[in-house]
Amino acid sequence: MKIEEFKVETWINKYENSCTFDFTNTCVGVLSVAELAKLSENPGKVVEDILDLKLGYGRVPGTERLRRNIAGLYNNAMDFNIVVTHGAIGANSLAMISLLEKDDEVITFLPIYQQHYSIPESVGAKVKKIYLREENNWQIDFDELKSVISNKTKMIFLNNPNNPTGKLFDEKTLEALSQIARKYGTYILCDEVYRGLNHIGKPFTKSIFDIYERGISTGSMSKTFSLPGLRLGWIVAPADIVEKINIQRNYHVICIGRINDYLASIALENKDKIVSRNNRICRENIEMFDSWLSAEPHLSYIKPHAGTTVFVKYDMKIPSEILCQKLQQDTGIMILPGSTMEYENFLRIGYTNEKESVKPALTEFSQWLSTNFY
Ligand SMILES: Cc1ncc(COP(=O)(O)O)c(C=O)c1O
């Protein structure tokens, strides 16, 4: 199977070892096992349980406890709607390879995680890309969608909340999208790995699974729950779709690690504590970032209130890859160039590292900008 290089992952892999400050981070306050155990009612028991755990294969579909906890993140999910996977990255690819075939058509809203166009392309599907625009507040242009959707459109891809823009597509938007998709019998695969990170108001907004009868939600423990090292994710989908996905799953997953299954349940049973901490960190950090950016004459963005990243536009005449390479060479600061997400003159910045370290890194970035461009 031929596939395009995954540009974001390739960039991070190439530059992360030589960076002194990492603005490509998309997680919030990653938890240690001890910190996670302390969130539970009985931390000692968590440690004992882990020490006693026999490391055989786990139950193939994941434990009932884990599946119940995942179902609890949705309004209408039952056990039979859930497929447990290796991260959201595993969830996305499993859903795509299970449902897409050569010559299918799909529509992808960019900017988005590259899986959502390169995997469909690799299976021979025809990908129609819709580039969301900053001047349109990163909103979906439904007229544009109507001009490209047809009876051949098998699947629509959306990421909500969005990496990199931090855009949250609200319930009304998802309903409008579903209404159009319904006419053509099109699936909507919504990558909801940042769901729960709505910084103001209710943290968990409605999932596509609870809105649309052909809605497929993917999620994981990585972002909202601060546990990327568990490599544990899921697909929540209608039962007939789950059946198809499970046929592929047996070739790719077997089961997930037993320790990971157990620790994910501890986190999900204490989700309110983790999620409110994470949204507080995001709220505080975005305010700090916002006041930094408003003093930068050549940078602009739409301030988001969801997710963990911002997509910053700049007006200097330099390609984003060159800018990021030079910045890292001179200062050690690592930022992701917009070109890795098919948007030139943009930078993706993850703003959720500890405030105490973000502040001096932003100051250094400012100095570098003014020395080189102003
Ligand atoms: C939009 C999106 N989807 C999926 C993933 C993969 O997440 P996971 O760590 O759960 O595999 C990421 C990771 O950055 C992401 O940003």
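Predicted model: local features only at pLDDT ≥ 70, side-chain atom pairs only at ≥ 80, totals over all residues.

Mentor: Residues are numbered from 1 along each chain as its sequence is written.

Trainee: Which helix gives the most residues to the shell around the ligand?

Mentor: The ligand has 13 residues around it, and Gly87, Ala88, Ile89, Ser220 and Ser222 come nearest, where a residue is near if its C-beta atom, placed from the backbone, lies within 6 Å. Helices here are DSSP runs of H or I with at least four residues, strands are runs of E with at least two, and both are numbered from the N terminus. The helix that gives the most to this shell, with 3 residues, spans residues 87-99 and is H5.

Trainee: At what angle do H5 and H6 pack?

Mentor: Two packed helices are described by the angle between their axes and the distance between the axes. Axes are lines fitted to C-alpha atoms, for helices over the stretch in contact, and angles run from 0 to 180 degrees between N-to-C directions. For H5 and H6 (residues 115-122), the axes lie 10 Å apart and the angle is about 35°.

Trainee: Are the residues of strand E8 buried or exposed?

Mentor: A residue counts as buried if 20 or more other C-beta atoms lie within 10 Å of its own, as exposed if 12 or fewer do, and as partly exposed in between, with C-beta atoms placed from the backbone. In E8 (residues 233-236), Gly233 and Ile235 lie on one side and Trp234 and Val236 on the other, and all of these are buried.

Trainee: Which residue of E8 stands opposite threonine 85?

Mentor: Strands pair if DSSP finds at least two bridges between them, and E2 (residues 82-85) is joined to E8 by 4 bridges in an antiparallel run. Isoleucine 82 stands opposite valine 236, whereas the residue opposite threonine 85 is glycine 233.

Trainee: Why is one side of E9 and of E12 left without a neighbour in the sheet?

Mentor: The open sheet has 4 strands with antiparallel pairing, in the order E9-E10-E13-E12. Strands E9 (299-300) and E12 (336-337) each lack a neighbour on one side because each stands at an edge, with a single partner strand.
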